Structure formats: structure tokens, C-alpha cells
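Subject: Structure for you to look at

Hi there,

Here is the structure I promised to pass on. Please open it next to this message, and then read on for what turned up.

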Amino acid sequence: MEQRKTVLEVKNLKVEFKTDQGTVYAVRDVSFDVKEGEILGIVGESGSGKSVSMLAVMGLLADNGRIADGDIIFNGENIALKGFADGKAYEKRMREIRGNTMAMIFQDPMTFLNPVLTVGQQLREVILNHNPDIGKAEANRRTVELMHRVGIPAPETRIHQYPFEFSGGMRQRVVIAIALANRPKLIIADEPTTALDVTIQAQVLDLIREMSVQTNAAVIMISHDLGVVANLCDRINMMYGGKIVETGCAHEIFHEPNHPYTEGLLKCVNNPEDDGRELTPIPGSPPDMLKPPAGCPFVDRCDRAMRICKAQMPLATECSDTHSSACWLNEKKRREEAELHG
């Protein structure tokens, strides 16, 4: 079986924001990778760092944000700021990459699409900006082809319409078409189905899966919806308090969860197989990232927390070849097993 190429590798990423209240440590030592043709889910509550980590990859952090440390290896190139001579060189390179070999599908298409330009103009602009050698006629042909590809009926006519003339689901299809315009190697989808009804949501997710298969692009799906990632993703990273606390194949995360946070999230989701089971919310609130805990970020909400959990962050330990979790309970279990068989 042919080995799939790693498209993106993030190593020890740290992202900080300067605010009037102090420094927000939004992402802390995050490492992961995604391969071509693979769909990786990044899941967590609001404020867990999932969107911020991807904005750092895209070079789209707010002015008060910065990559404090770490490497972002995209298509064999380190695109973290420290890999460039200065900020101008970094911005120039990121403009070349964004919309070309790396694309993003945003949560709300109306915040992304320009209301005073037709959808055809916006698609053509993306194509022409990154392919200055092709003419308008070829750009028009590609625009119609892309709209047809994402399932928009009568694309020859609809390229002349404005975003407000499209339904929510059709607008999101336009955004996906823009993301696919230059055959990117990586597509980042940030909550792309939040504002859509269930039927349209399923259609958009099927389209993202189909596009990944057809183009062999790597896809990163950012979501707080466990149902979405269960049906779409090959692997899942669970984020909490700016860290990845568990990672594994979708089956492992949903059927063999290891971290108390993952278990807690699954208890909040209605499962038709668990007839009559009451949903159990996770008590408490996420940690204050102005003063992140020294130990496990989930310690104040965990009913199995030990003294060491508050004092020291556990390292990720393997549950299987594809499954790991950062929890001191794993170490405790290993010690107990060693004593039992010792």
C-alpha cells in the first residue's frame, strides 16, 4: 500500500494574544499532522484553541496575536514566521499560499462573500489572482465548471447572481467552490455547517468528503459538533485549554475514549443506542487562559482528578498505535498493572 504524503505537520505550536488584561495563552505546545486524502477533525468547546491554531497555520491571526514558538511545516516548507527574514517576507509568502495551495471554508459564508460582487466575479478573482497567465475566457470556463462541480444548478446563469440571491446552503457551496478553485493541497473547514439545517448540513458534509476523495486534498474540520466529525473524519484531535488532550481514529475516540474530557463530551450527546439515558453536562467552566493551569487543564472539572493532575501536565501516552491521551490516570493504571503482575 502506497504511503500517503504528510501535507501539514505542526510541531509544539504556541500562540499568544496581548490584551489589556494581560497575555492570553491560547494554544500551548500543540503538535499534529494530516496526510493527503485524510480528513482530520479538531474538536473542543469554545475557547479551546481549535480555530486559533488553524488561523495561525493560515497566517491570519489578529494584530494582537503572535506565534510564540513552534514550527508549521506545510508541503515541506516551514511557514512559521521564524522561518522568514522579516514580517514582510512572511506576509508575501502567505498571500501566495492562501487561496492557492491552502484554502479555508469559513463558518458563515455571508461574512466571507462580498455582497456587491456577483459570485462569478468572486470565483474568477481567486482563479486570476493565482493564475495570471490564463485569460478571462479560461477563468470563466473554470468558474462555471467549479459551480457545477459543487452542485449548483444552472451555473451559466447563476454566476451572474449576487450572494443574497442564493440560499444558505448554496452560498456555502460557493465558498467551497472558491476554496477548491486552485486545487489546494490543504482545506481547512471552520464550522462550515453551523448555520445550516440538518438536511443541507448533510449535503455539505458529503460534498466536502467527495471533494477530498476527488482531489486527494487533506482536510481539517474544526467543529464542536461530535455528530459531524463522527460521520466525516478519519482521525480526531480533542482540544481543551489550548492543548490536545486526546487523539485517535474516529472509532477509537467514540467507542474507546480515554481522557475524562472526551468521555464527558460524549455523555453530553444524545445516542439513539442508549435508550432512556439522561444527558450529563460537564460541570464548571473552561480554564482562564490568562492564567492557564500548570497541570492538566481539565483538572477543576474532572471527578477523578488526583493531586499530581493540578501540579503537572501529563505527557501523551499511547493507548494503541493510533490512539494517545494526555492523562495521569493512564500512568496510575500502568503502575497498578505492574504491581499486579510484578
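A residue is called buried here if its relative accessible area is under 20%, and exposed if that area is over 50%. Please keep in mind that this is a predicted model.

Let me begin with the strands. Six of the seven residues of strand β10 (residues 243-249) are buried, so by that cut-off the strand is mostly covered. Strand β9 (residues 235-240) pairs with β10 in the antiparallel sense, over six bridges. The hairpin that β9 and β10 make has two residues between the strands, and G241 takes a positive phi there, near 60 degrees. β10 also runs antiparallel to strand β12 (residues 323-325), and two bridges join them.

Next comes helix α8 (residues 198-215). How far apart are its end C-alpha atoms? They are 26 Å apart, which agrees with the 26 Å that the 18 residues of α8 should span at 1.5 Å a residue. The buried residues of the helix are Q201, V204, L205, L207, I208, M211 and S212. Around the axis they cover an arc of only 155 degrees, which means that they sit on the same side of α8. V198, T199 and V213, on the other side of the helix, are exposed. What do the buried residues of α8 pack against? Their partners are β3 (39-43), α5 (136-149), α7 (168-180), β8 (218-223) and α9 (226-232).

Just after the helix, N216 takes a positive phi of about 65 degrees.

Now to the aromatic rings. A pair of aromatic rings is described by two values, the distance of the centres and the angle of the planes. Rings count as a pair here if their centres lie within 6.5 Å, and by this rule there are six aromatic pairs. One of them is F84 with Y90: the ring centres are 5.6 Å apart and the planes stand at 70 degrees, so this pair is edge-to-face. F84 has a relative accessible area of 18%, so it is buried, and Y90 is buried too, at 8%.

Another pair, Y240 with Y261, is tilted, with 4.5 Å centre to centre and 45 degrees between the planes. Y240 belongs to strand β9 and Y261 to helix α11 (residues 260-267), so the pair ties together parts that are 21 residues apart in sequence. Y240 and Y261 are both buried. Ring pairs also bring in F298, which forms a cluster with Y240 and Y261.

One last stop is Q161, in the loop between α6 (155-158) and α7. The Q161 side chain makes a polar contact of 2.7 Å with the side chain of R158. Leaving aside residues up to four places away in sequence, Q161 touches T118, V119 and F166.

Happy browsing, and write back with any questions.

Best wishes

How values were computed: Residues numbered from 1 in each chain as written. Predicted model: local features only at pLDDT ≥ 70, side-chain atom pairs only at ≥ 80, totals over all residues. Heavy atoms only, no water. Buried < 20%, exposed > 50% of the residue type's maximum accessible area, 1.4 Å probe, protein only. Helix = DSSP H or I, 4+ residues; strand = E, 2+ residues; numbered from the N terminus. Pairing = 2+ DSSP bridges. Expected span 1.5 Å × (residues − 1). Arc of directions from axis to C-beta. Contact = heavy atoms within 4.5 Å. Phe/Tyr/Trp six-rings, centres within 6.5 Å; stacked < 30°, edge-to-face > 60°. Polar contact = N/O pair within 3.5 Å; in protein donor to acceptor, adjacent residues only side chain to side chain.
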